[in-house]
Amino acid sequence: MNSTIVTAIFTYFCNVKQELQLSDWLPTTNKEVKIRGWEYLDVILFSGDAYVDHPTFGPAVIGRMLESMGLRVAIVPQPSVTDNLQDFTKLGEPRLFFGVTGGCMDPMISNYNANKKRRDKDAYTPNGDIGFRPDYATSVYSKILKEKWPNTPILLGGIEASLRRVTHYDYWSDKLMPSILETSKADMLVYGMGEQPLREVVRLLQKGVPFSSITTIKQTAVLLNADAKVPKNANWEDVEIASHKVCLNDKKKYASNFKVIEQESNKLKARRIFQKVGDKLLMINPPYPTMTEAEIDASFDLPYTRLPHPKYNKRGPIPAFEMIKTSINIHRGCFGGCSFCTISAHQGKFIASRSKESILREVDKVANMPDFKGYLSDIGGPSANMYQMKGKVQSICDKCVAPSCISPVICSNLDTSHKPLTELYQAVDSHPKVKKSFIGSGIRHDMLVPEFNKNADPKELDDYTEEVMTKHVSGRLKVAPEHTSDPVLKLMRKPSFTYFHKFKERFDKINIKKGLKLQLIPYFISNHPACEVEDMANLAAETKDMGFQLEQVQGFTPTPMTVATVIYYSGYHPYTLKKVNTPKTRKEKDEQHRFFFWYKDENKAWIKKTLNKVGRQDLLKVLLPEKTEKWRKNKPKGDAKDTFNDAVPFNRRKPKDAVRFKGKKKRKTKKRR
């Protein structure tokens, strides 16, 4: 490891050492348990991540929350599964239960890329080292604990458990898998953000209720034996989806399940879901209401050290921590409902926002840490600009079943005012030790376009955009239009690419007005369901025409609990049950992805051959013109005296004339107007 990094880490912990003791972290060993003077533990948490005591890391949040209830909690981070398994017995048996999570990411995403190749770095492990997290970690840990401690309840939580709580497609094994409760042999699953259901679980256990009798808590799931009586709840309606066995034999039935699962997961008054799994019955209870401001403040105000456990001092920095150690999370949830995204499946579509006071308290804590240099890396959330946004009339939201509040259009009942967020940024920047706060989270650029966000005050949108561009970006503003094809975007639940053109116009205008030199960096996805080779060629041509040489791109990775993954496996859209074509072979995926890099010499002959074969010489002329063109990367357009003028591509069309290139093939779309 770089000696400069080692020195910095050593100096940092030497400075912090004066204020923090080992007992300031949750214990991870018997020695640390004894330091606290404890004779027993109430709950032991097992995690696939290294232990970072920070509100961005789920195991720390749950551990601190349980601690605040007076429980004695320990955590075993990244237990070894390749030795004598002593990590699973070293702390003994907890009084209440074991809690198990695979970590802050699904372990298969942590371990493998979109091509199923093993990654060479694990962001949640010291030094980025690999090999400390097994595949399907939640199930692996749980089965070991059940063998070692057969009479102790095991409760699953975290992203892996949430996304795999029902029959799901596993891309890495290319199989349809049953609920993780079946594969893990655990006793209960908490899906989504776990504070609310866990508080109720603990409350009942403290009253002496047997764990096996706790089956009607919201936002939990259990597997009932064939002879078990289904618990009654007069306040809930029930719905049964196709069994796991039926799903194995009928892809259309499997697809139809997802509409029910997604809608019930995002309703404020949801039904209880049942599914037969072999000779057992999976019961998924409705979710809790969205956390109130006071509830989410209480979670973030817990006494985190905000640091990795000292046991990692000599092993190197934890990349995921380095990325967020000076960031501030201001809300949970996302109402975008993108077809390829798992956020709403885990955090829900309704926004739980922290109070300004709680956020500023955390800013002050970060600003007074020994190594703070004056820069906050992010003031954001799942989507940066959804803070304090909610329905204007709650009764309308109570009845809503739409998976997205902004697709295909922005709901007229959604308050999309950016004023509270602009004021929050200004309050953060007024802290005497903050030199600059950045917005590192993704910004929904479509919500900043008045033509799309028709109910918003255009001045508020411009004020927010200008605030971000002038004070919270370091050279580059990253946004995610994802694609240029309207049919693909519709399936993605993303707006027309027209609105990206509109946003870029406003971006360029502010850039020139303020004398900035910011670059706009768009993210795009290849291989998404409904995407064809011609769509990718169109994407390459249209973005080139706008002056972009793409770099922030990725191939679609099927993850459990998304519309796009259901389509990928089944071939059917879960809401319409109509067939949707999806690139699945390695050849198809590689061919689509190559269009991102039209400018590389090794791709030019292939592009020429491919476009000639499908009769798209119109696109070929744009991507690979016969005459050498003076093409340069996109920067804002200015007048003759403007320093950015030289950066405007030679063949740049005005935005209003930008073309969705038409050809002879199937899909015909209109000119951009």
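Predicted model: local features only at pLDDT ≥ 70, side-chain atom pairs only at ≥ 80, totals over all residues.
## Overall fold

The secondary structure of the protein comprises 24 helices and 22 strands. Its radius of gyration is 26 Å, close to the 26 Å that the globule rule gives for 673 residues, so the protein is as compact as a globular protein of that length. Taken along the principal axes, the box filled by the C-alpha atoms is roughly 80 × 60 × 50 Å.

Of the 673 residues, 56% are buried. Contacts between residues at least 6 apart in sequence were also examined, and 76% of these join residues at least 24 apart.

## Surface and charge

The accessible surface of the protein amounts to about 29,400 Å². Carbon and sulfur atoms account for 51% of that surface.

The protein carries 110 positive and 76 negative charges. The mean position of the positive charges lies 5 Å from that of the negative charges.

## Cysteines

A search of the whole structure returns zero disulfides. Cys-104 accordingly takes part in no disulfide, and the nearest cysteine sulfur, that of Cys-341, is 16 Å away. Cys-104 is partly exposed, with a relative accessible area of 25%.

For Cys-334, the closest cysteine sulfur is also that of Cys-341. The two sulfur atoms are 6.2 Å apart, which is too far for a bond, because a disulfide requires the sulfur atoms to be within 2.5 Å. Cys-334 has a relative accessible area of 8% and is therefore buried, the cut-off being under 20%.

## Helix 21

Helix 21 spans residues 563-570, and eight of its eight residues are buried, so this helix is largely enclosed by the rest of the structure. The buried residues are Val-563, Ala-564, Thr-565, Val-566, Ile-567, Tyr-568, Tyr-569 and Ser-570. An α-helix has 3.6 residues a turn, so residues three or four places apart point the same way.

The cover over the buried residues of helix 21 includes both strands and helices. Among the strands are strand 6 (168-170) and strand 7 (175-177). The helices include helix 10 (251-265), helix 18 (486-492) and helix 22 (586-594). After helix 21 comes Gly-571, whose phi is positive, near 85°.

Conventions
Residues numbered from 1 in each chain as written. Heavy atoms only, no water. Helix = DSSP H or I, 4+ residues; strand = E, 2+ residues; numbered from the N terminus. Rg over C-alpha atoms; globule rule 2.2 N^0.38 Å. Buried < 20%, exposed > 50% of the residue type's maximum accessible area, 1.4 Å probe, protein only. Contact = heavy atoms within 4.5 Å. Areas by Shrake-Rupley, 256 points an atom, 1.4 Å probe, with all protein chains shown as cover. Lys, Arg positive; Asp, Glu negative; His and termini not counted. Charge placed at Lys NZ, Arg CZ, Asp CG, Glu CD.
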